[in-house]
Amino acid sequence: KQWYQRRVRGDVAKEIERFDLCLETRDLRYCCYSDQNSLRVELSLGIYICFIQDWWENFGDNLLILTLENYHNNQLGTLLDVFDFIGVSVDKDDLGRFLKSSQIENERTKSSKIQGDMLAETRLKLRDFYQPYNLMLARYLQDNKYLWGY
């Protein structure tokens with residue numbers, strides 16, 4: 001368990017270092033999309049501002065941005081918002097029954113639970129890494145919920 005947590009901590013530190021090195025010679029968008037910056041941890045996938053700016057440029061108001069936290073806390077309400085956004089009518093009761101009978105798909109595996117939770121210092125390192133990009137995202141979308149408590 002501890003060896004795994006230490007390995008993840010080391011992988012995260014290496015990825016942050018590689019990403020920061022990329023930023024010394026390239027712009028943020030290049031570093032986010034480049035496949036040369038990833039070992040085991042794909043940090044750039046969490047830099048949402050890179051991708052959302054491109055999507056917004058191409059899709060504009062046809063883009064609905066959701067958070068996993070909102071979906072997790074209110075699946076029915078979030079899905080109703082999605083169906084409303086795309087102009088599809090759905091019966092709220094039917095959707096509620098479907099959700100109650102559905103299986104959760106994106107859960108931690110048994111082996112990952114055995115390996116334990118992320119070390120606090122790794123979580124803090126990731127939080128510090130993402131903070132400036134989440135600030136950019138919150139400003140871009142004009143919504144502080146994308147600060148995730150910073």
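Hi everyone, let's start with the fold: the chain has eight helices and zero strands. Helices here are DSSP runs of H or I with at least four residues, strands are runs of E with at least two, and both are numbered from the N terminus. Read from the N terminus on, the order of elements is α-α-α-α-α-α-α-α.

Some housekeeping before we go on. This is a predicted model, where local features need pLDDT of at least 70 and side-chain atom pairs count only at pLDDT 80 or more, while totals for chains, interfaces and linings use all residues. Residues are numbered from 1 along each chain as its sequence is written, and side-chain values use heavy atoms, with hydrogens and water left out.

So how confident is the predictor? The pLDDT, its confidence in each residue from 0 to 100, has a mean of 87 for the chain, with 87% of residues at 70 or more. Helix 5 (residues 75-85) has the highest confidence, at a mean of 96, and helix 7 (residues 110-115) the lowest, at 71.

Now the inside. Of the 150 residues, 29% count as buried, where buried means under 20% relative accessible area, exposed means over 50%, and partly exposed is in between, using a 1.4 Å probe and protein chains only. The largest nonpolar core has 24 residues, and F19, L28, C32, I47, F129 and Y133 have the most contacts inside it. Such a core is a set of buried Ala, Val, Leu, Ile, Met, Phe, Trp, Tyr and Cys residues joined through side-chain atoms within 4.5 Å. Helix 1 (2-25), helix 2 (28-33), helix 3 (48-59) and helix 8 (120-141) each give two or more residues to this core. The largest share, seven residues, is from helix 8.

Take C32 as an example. Beyond residues up to four places away in sequence, C32 touches F19, S44, I47, C50 and F51, a contact being heavy atoms within 4.5 Å. Across the chain, 49% of contacts between residues at least 6 apart in sequence join residues at least 24 apart.

How do helix 3 and helix 8 pack? Their axes are 8 Å apart, at an angle of about 30 degrees. That makes the two helices roughly parallel. Axes are lines fitted to C-alpha atoms, for helices over the stretch in contact, and angles run from 0 to 180 degrees between N-to-C directions. Under 35 degrees counts as roughly parallel, over 145 as roughly antiparallel, 65 to 115 as roughly perpendicular and the rest as oblique. On the helix 3 side we have Y48, I49, I52, Q53 and W56, which meet Y133, N134, M136, L137, Y140 and L141 of helix 8.

Q142 sits after helix 8 and has a positive phi of about 55 degrees although it is not a glycine. Q142 is also exposed, at 74% relative accessible area.

Is T67 buried or exposed? With 8% relative accessibility, T67 is buried. T67 is in the loop between helix 3 and helix 4 (68-73), and, leaving aside neighbours within four places in sequence, is in contact with Y146 and W148.

As for R127, in helix 8, its C-alpha atom is 9.6 Å from that of W148, 21 residues apart along the chain. R127 is partly exposed, at 35% relative accessibility.

Terms used: pLDDT is the predictor's confidence in each residue, from 0 to 100.
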